[in-house]
Amino acid sequence: MASHSNEPQVTVLPPDKAKIKKLWTVAGILGAVTAVEFLIAFVLPHGPLKTAIFVALTIVKAAYIVLEFMHLKYEVKVLFWSILIPMIFVVWMLVAFVYEGMKLPVLP
Amino acid sequence: MAQAAAATAEKDLWNGGVSPMGASYGKLMMWFFLLSDAFTFSGLLITYGLVRAAHPAFEGLPDAFVFSPEHWPIPEKVFEAIPFFHGVAAPLVFVGIMTFILIMSSVTMVLAVEAGHRMDRKAVEKWMLWTIVGGITFLACQAWEWTHFIVGTDTPTLIKDFVFVNGEGQWITKEVFGANLKINQYGPQSFADFFFFITGFHGFHVFSGVLLNFLIYYNTVTGVYERRGYYEMVEKVGLYWHFVDLVWVFVFTFFYLV
């Protein structure tokens, strides 16, 4: 035992069952939403409605990943908003650029 | 004396005594790095949207779709191959599997973080190893996907090209198989360029993620974090790994589905 005297005493806590169950639930939701997207890709005809559904489902998936897996929901509010508010620029850029793209003359 | 030492240790927590935004320096910087990386990926995906909106879409029923540089391709007509089933049309199945693999590796990562909170070294090792396996599987799938995209379909696309022969310009018809940064059988050249740049940039992130995950696994096995008394590095690299998954969710929608 003398050679181990420098090793730290580590207390291993038992697994947090409720937390682990929640993580698997989130994984199930992500898988299910992907499956739904996959179905919609073949059921609905191409158009603005289909795109809107895809965008909505993607935001649902992104929210689960960022809030639960990346734990942002449980961080301090200042950190939460410091990450989310700058995303406004992305939305602005998206709207502006795609709008401009639709006005461009047909490219060869 | 002991009190003074305790006070210094307290104060050192970012030098002001209180850690800003309730997060450690490393974790906060990881968040802001990921924010800047999100802007980079947004730039790529939004430019894809701009260029796509500037091209005409295919007019007509999806069944009648043909590859042509005249219109933007329908993604599910381009990505419909799966390994070992040559010639079988299985649209979007392979990218669906890839998405599933990445989601699963995100779950194993978050389970490694949970095990780290409990100082459970064996569990961290197990889940980190699964995460690395998931990452490598995804990269292998992407290598196959790229190879298929570059080699092309069995039948070529006929593309008209204007060339100069002995100083005189003339129109010729070329048979084009597959795509690279110079030719593209699937549609306009920019479609292939965006495919390589967007999935390539994401794939490089996955590759770096696998390296970082391996580093964390190595340090866990050698007991670095156990001696340190906490497994925060698992959490920080975990944030990066979830971000890579997050980006793929967007690439999946905007490149493959829409």
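Student: Is B:Phe84 buried or exposed?
Tutor: Let's count neighbours: a residue is buried if 20 or more other C-beta atoms lie within 10 Å of its own, exposed if 12 or fewer, and partly exposed in between, with C-beta atoms placed from the backbone. B:Phe84 has 5 other C-beta atoms within 10 Å, so this residue is exposed.

Student: What kind of model is this?
Tutor: Residues are numbered from 1 along each chain as its sequence is written, while chains are lettered from A and ligands numbered from 1 in the order in which they are written. Local features need pLDDT of at least 70, side-chain atom pairs count only at pLDDT 80 or more, and totals for chains, interfaces and linings use all residues; the model is predicted.

Student: Where does B:Phe84 lie, and what is its phi?
Tutor: Helices here are DSSP runs of H or I with at least four residues, strands are runs of E with at least two, and both are numbered from the N terminus. B:Phe84 lies in the loop between α3 (75–78) and α4 of chain B. Most residues other than glycine have a negative phi. B:Phe84 is not a glycine, yet its phi is positive, at about 70°.

Student: What pattern does chain A follow along the sequence?
Tutor: Its secondary structure comes to 4 helices and 0 strands. Of its 108 residues, 9% count as buried. Read along the sequence, the pattern is α-α-α-α.

Student: Which element gives the most to the side of chain A that touches chain B?
Tutor: Two residues are in contact if their C-beta atoms, placed from the backbone, lie within 7 Å, and on that basis 43 residues of chain A are in contact with 41 residues of chain B. The elements that give two or more residues to chain A's side are α1 (17–43), α2 (48–69), α3 (77–84) and α4 (87–103) of chain A. With 10 residues, the one that gives the most is α1(A).

Student: How many residues on that side of chain A are nonpolar?
Tutor: Ala, Val, Leu, Ile, Met, Phe, Trp, Tyr, Cys and Pro count as nonpolar, Asp, Glu, Lys and Arg as charged, and the others, Gly among them, as polar. This side of chain A has 6 polar and 6 charged residues, and its nonpolar residues number 31.

Student: How do α5(B) and α6(B) run relative to each other?
Tutor: Axes are lines fitted to C-alpha atoms, for helices over the stretch in contact, and angles run from 0 to 180 degrees between N-to-C directions. Helix α5 (residues 121–151) and helix α6 (residues 189–221) of chain B pack at an angle of about 155°, with their axes 9 Å apart. Angles under 35 degrees count as roughly parallel, over 145 as roughly antiparallel, 65 to 115 as roughly perpendicular and the rest as oblique. That angle therefore makes α5(B) and α6(B) roughly antiparallel.

Student: What about α6(B) and α8(B): is their crossing left-handed or right-handed?
Tutor: α6(B) packs against helix α8 (residues 232–257) of chain B at about 160°, with the axes 10 Å apart, so these two are also roughly antiparallel. A crossing is left-handed if the near helix is turned anticlockwise from the far one by less than a right angle, and right-handed if clockwise. For α6(B) and α8(B), the crossing is left-handed.
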